[in-house]
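Hello,

Here is the structure I promised to pass on to you. Have a look at it first, and then read my notes below.

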Amino acid sequence: MSDTFFSGAPHWTWFIILYFFVGGIAGGACFLAAVLDWFGGPEDRPVVRTGYNVAAVGAILSGALLTIDLGQPLRFWHMLFQSANFPAIMFKGWSPISFGAWAILVFGFFSVLSALGGMAEEGRLQNPALRAVGGAVRGGSGLAKVVGGVAGLLGVFIAGYTGVLLSVTNRPIWADSPWLGALFVASGASTGAAALILLGLRRGASEQSLARVSAFDTKALVVELLVLAIFIGSLGSVNRVWLSFWGLVLLVGVVWLGILAPLRLHLQRRPVASAAKLVLLGGFLLRLATIFASEGVDRYRVAAGM
Amino acid sequence: MAEAMGFFTDTTVCIGCKACEVACKEWNQLPAENGGIRELSGDSYDNTRRLDGIHWRHVRFIEQFKGPYDGRWLMMSDVCKHCVQAGCLEVCPTGAIIRTEFDTVVIQSDVCNGCRACIAACPFGVIDINPVSGTAQKCTLCYDRLKVGLEPACSKACPTDSIQFGTITELRTRAEKRADQLKAQGVKAALYGADSDGPLGGLNSFYLLVDEPEVYGLPRKPQLPTRNLAKSAGFSVLSAGVLGVLALVGLRKRRMDQVGGSGGSN
């Protein structure tokens with residue numbers, strides 16, 4: 001029996017699942033937007049701007065979800081500053097939660113800047129102060145690319161660190177494999193691409209541009225499927241935890257509906273929106289199943305062999 | 001720094017009276033569960049069942065019965081292990097968990113914001129949220145009593161000296177002597193967590209057991225949560241690298257196709 005079966009469940013439930021999902025989308029979309037910003041063409045600009053907007057909204061939403069999940073929400077700043085020694089910084093490089101709190105803050109800053117730059121590019125900023133900030137990082141400029149590039153790199157971190165965070169515990173499944181971070185990176189990339197496809201369609205993205213995002217989504221799904229297989233393989237005997245409702249969710253919801261079905265749709269060159277919706281569903285169910293399968297392990301019954 | 005202090009729990013003399021649980025609750029003013037109306041476990045005489053934010057001591061009843069005339073009760077007063085290398089302290093993002101001058105591990109309730117990272121990090125399932133404070137809580141090894149030279153409430157109340165309090169050096173000597181005595185009598189006795197070269201650098205609350213650790217709900221080889229950090233981060237970077245290359249290669253291929261296509265039409 002894995003030693004992880006003797007630990008206690010941290011009650012990370014709906015807010016955290018939503019945060020992992022939203023953070024993954026925001027990070028993946030921002031990464032893809034940054035790649036297209038740097039290496040894409042003028043026809044990709046609507047997708048780039050959409051990506052930065054998704055990142056900015058996602059970062060703000062992530063911070064809000066994490067804060068309301070705390071037992072003492074008004075003490076959220078204790079993760080950033082030493083409460084007894086303000087304004088001394090609180091930072092532990094070896095603690096993913098500590099690292100992540102700072103990363104969300106910095107990611108939020110850069111993604112909001114990039115989103116403002118995109119709005120300035122479209123001439124949508126009315127407020128003088130925002131127009132000044134947005135103008136300084138107007139989409140397409142050199143500085144905007146640097147800011148977007150930093151946001152994109154931080155986006156990959158946001159998408160993946162949540163999986164690393166789960167691995168750096170002593171809980172069943174999460175701590176029994178070092179592959180969760182890699183899996184969440186791949187899932188963040190696929191869900192981020194899916195969000196860009198769905199929103200890009202409404203925001204006047206070119207067919208060419210959407211085809212690029214869709215082609216990337218196909219590759220991200222293949223990577224996700226491979227990493228998921230490695231992850232399951234690495235769990236060994238702990239896989240018995242999946243002999244539950246959550247195993248069914250993983251198999252049917254994630255593997256079949258969330259990966260194989262959209263892959264098939266992509267390969268058949270069917271309308272990209274249906275595949276994107278399935279990818280988003282699969283991304284959510286992946287977090288749901290991973291969290292609840294471990295949360296549901298009752299240490300005492302397991303310890304007593306019941 | 002004062003000398004390292006801790007508990008040695010000799011499970012062979014525990015009678016399951018729960019005086020330690022009561023003393024702990026009383027001294028630390030811990031609230032009752034469910035307004036004092038306890039739900040019975042229904043499958044054990046152990047109705048506390050677990051350590052959590054409002055149960056910092058728990059007398060574990062292990063009922064080993066194969067038939068009406070063949071069985072035994074094992075009893076163990078469980079508590080925070082005050083690990084020399086503590087997983088909770090390692091991951092706490094607010095700095096609320098500290099190591100005291102007595103080499104014990106204490107959560108500062110006014111600093112904790114209830115993120116619950118420590119709960120998942122503890123290999124023993126010791127910590128949980130206290131619903132009254134909204135913060136993570138566990139045994140403090142009566143830090144307030146130690147500061148004024150008093151013994152922790154639980155060991156003070158223990159009528160059989162199953163829970164012994166003292167300096168770690170002295171407790172280890174005493175524990176080894178007791179284990180040898182039991183072994184000489186043919187009892188399968190073993191110390192858990194008494195070895196400073198063992199897992200987590202040794203436990204400042206260690207035990208004498210007469211069955212396998214798992215039977216008492218203790219992991220055989222508890223580990224620090226950060227054991228996975230480097231590998232997990234490395235694989236994440238690898239995954240990100242592969243996706244980055246795929247994105248760039250795809251983009252380049254499409255652009256080349258576009259250039260080729262426009263060149264052909266000219």
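A salt bridge here is a side-chain nitrogen of Lys or Arg within 4 Å of a carboxyl oxygen of Asp or Glu. Please keep in mind that this is a predicted model.

With that rule in hand, take Glu122(A) and Arg203(A), whose side chains form a salt bridge with an N to O distance of 3.5 Å. Glu122(A) belongs to helix α3 (residues 96–122) of chain A and Arg203(A) to the loop between α6 and α7 of chain A, so this pair ties together parts 81 residues apart in sequence.

A second pair in chain A is Glu43(A) with Arg212(A), where the closest N and O atoms are 3.0 Å apart. Here too, distant parts of the chain are linked: Glu43(A) sits in the loop between α1 and α2 (45–69) of chain A, while Arg212(A) is in helix α7 of chain A, 169 residues apart. Arg212(A) is buried, with a relative accessible area of 7%.

In chain B, Asp43(B) and Arg49(B) meet in a salt bridge of 3.0 Å, N to O. Asp43(B) is partly exposed at 37%, and Arg49(B) is partly exposed at 22%. Back in chain A, salt bridges with shared partners join Asp37(A), Arg45(A), Arg49(A), Glu121(A), Glu122(A), Arg124(A) and Arg203(A) into one network. Over all chains, the count comes to 21 salt bridges.

Now to the place where the chains meet. How many residues of each chain are in contact with the other? The contact involves 65 residues of chain B and 61 residues of chain A. Together the two chains bury about 5,100 Å², 56% of it on carbon and sulfur atoms. On the side of chain B, Asn113(B), Arg116(B) and Leu243(B) lose the most area to chain A, together 13% of what that side buries. The interface has 28 residue pairs in polar contact and 1 salt bridge. Arg116(B) forms a salt bridge with Asp69(A), their closest N and O atoms being 2.7 Å apart. The elements of chain B that give two or more residues to this side are α2 (87–91), α3 (117–121) and α7 (229–265). Of these, α7(B) gives the most, with 19 residues.

The largest nonpolar core has 100 residues, and Leu166(A), Ile173(A), Phe216(A), Leu228(A) and Phe231(A) have the most contacts inside it. Helix α1 (residues 14–39) of chain A gives the most to this core, with 16 residues. The core also draws at least three residues from each of domain 1 (5–223) and domain 2 (227–265) of chain B. Apart from it lies another core of 58 residues, including Val59(B) and Leu141(B). As for the two domains of chain B, their centres are 51 Å apart, taken over C-alpha atoms.

Finally, a polar residue in chain A. Ser190(A) is found in helix α6 (residues 180–202) of chain A and is buried, with a relative accessible area of 1%. Its side chain makes a polar contact of 2.9 Å with that of Glu224(A). Ser190(A) also touches Leu221(A), a residue of helix α7 (residues 207–235) of chain A that is buried at 0% relative accessibility.

Enjoy exploring!

Terms used:
Residues are numbered from 1 along each chain as its sequence is written. Chains are lettered from A and ligands numbered from 1 in the order in which they are written. This is a predicted model: local features need pLDDT of at least 70, side-chain atom pairs count only at pLDDT 80 or more; totals for chains, interfaces and linings use all residues. Side-chain values use heavy atoms; hydrogens and water are left out. Domain bounds come from an automatic or database domain assignment. A nonpolar core is a set of buried Ala, Val, Leu, Ile, Met, Phe, Trp, Tyr and Cys residues joined through side-chain atoms within 4.5 Å. Buried means under 20% relative accessible area, exposed over 50%, partly exposed in between (1.4 Å probe, protein chains only). Helices (H or I, at least four residues) and strands (E, at least two) are DSSP runs, numbered from the N terminus. A polar contact is a pair of N or O atoms within 3.5 Å; within protein, one must be able to donate a hydrogen and the other to accept it, and residues adjacent in sequence count only if both atoms are side-chain atoms. Contact means heavy atoms within 4.5 Å. Buried area is the accessible area (1.4 Å probe) that two parts lose on being put together, summed over both. Lists of a residue's contacts leave out its neighbours within four places in sequence.
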